[in-house]
Amino acid sequence: MSDASDMSDVTGLREAAEASVDEAVAWLCSAGREWSVARLKAAGEEVTAADAEVESRMTRALAARTPGVPVIGEESSAPGAPLPPRCWLLDPIDGTVNFARGAPMYAVSLAYVRDGVPLVGVVGAPALGRRWTALGGPEDARPLAGDPRRAVVGVSGTGAGPARGSATRRVLDRVQDEAYRVRAQGSMALDLVGVAEGWLDACVCLAPKPWDVAAGVALCRERGRDVLGADGRAFAFGSPVLAVGAPEVARWLAGLWEG
């Protein structure tokens, strides 16, 4: 493939992303239990040896397939550093708490981002045997509930640390009180997949990091879902909240943060 700084071939980007995710998923499926032993990061989040191994493997694979495009991964990125104009955003295991406990709701999440916009996204769920790819074009999608009182809403980002503040509690209380059903799967990537697929009518991600949501945002936009930030406008990285779903429900969820 030619120098990635000039790449405009979405098919080539998709193939590079899918191949890299597939290789990571295959390794995770064969990795021994010792790779899933959790320890705590300085910020209090769990991490396993598999998180670092998957990130290292995928960084090397992407460097070979798309030379010149940096890989910004959860485990190796500098906190608060601005994103390059173009990059891969990688969460090697989204849902580490689930992975460490042998629960199936975890995923490898990879997106190609240009000027802050995810153009290609791939989410692979090893334990589910599923993979989803977003290319940036519309697809038919299952209708979503447009009334919060009939909406099944996924919530994520509710763990320990700075995210657990008064705004978070307010959002969770209102969602619990007003939505039809609430689901906490423990993976932002799979919550976003759920909205894209129609398993969930909406989801709200609290304190999302770019690598947590980039691939899922691309997938949801492709399926015609509203993808909003804290101000009720189109979501951008750095927003403290991400609300996705049918227009009425996404606006309602985004408004809870401001309220």
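The model is predicted, so local features need pLDDT of at least 70 and side-chain atom pairs count only at pLDDT 80 or more, while totals for chains, interfaces and linings use all residues. Residues are numbered from 1 along each chain as its sequence is written, and side-chain values use heavy atoms, with hydrogens and water left out.

We may start with the sheet. Five strands form an open sheet of mixed pairing, in the order S3-S4-S5-S6-S7. Strands (E, at least two residues) and helices (H or I, at least four) are DSSP runs numbered from the N terminus, and two strands pair if DSSP finds at least two bridges between them. Strand S3 (71-73) and strand S7 (130-134) stand at the edges with a single partner strand each, so one side of each has no neighbour in the sheet. On average, neighbouring strands are turned by 15° against each other, direction ignored. Axes here are lines fitted to C-alpha atoms, for helices over the stretch in contact, and angles run from 0 to 180 degrees between N-to-C directions. S5 and strand S6 (residues 117-125) pair in the antiparallel sense over 7 bridges.

Helix H1 (residues 10-30) touches S4, S5, S6 and S7, and its direction makes about 30° with that of S6. Helix H2 (residues 49-65) touches S3, S4 and S5, and its direction makes about 150° with that of S4.

Turning to the side chains, the structure holds 5 aromatic pairs. Rings of Phe, Tyr and Trp (its six-membered ring) pair if their centres lie within 6.5 Å; planes under 30 degrees apart count as stacked, over 60 as edge-to-face and the rest as tilted. Trp 27 and Trp 35 are edge-to-face because their planes stand at 80°, with ring centres 4.9 Å apart. Trp 27 is buried at 12% relative accessible area, whereas Trp 35, at 25%, is partly exposed. Buried means under 20%, exposed over 50%, and partly exposed in between (1.4 Å probe, protein chains only).

Trp 88 and Tyr 112 are also edge-to-face, 5.4 Å centre to centre with 70° between the planes. This pair links distant parts of the chain, with Trp 88 in strand S4 (residues 86-94) and Tyr 112 in strand S5 (residues 107-114), 24 residues apart. Trp 88 is buried at 0% relative accessibility, and Tyr 112 is buried at 0% as well.

Methods
Contact means heavy atoms within 4.5 Å.
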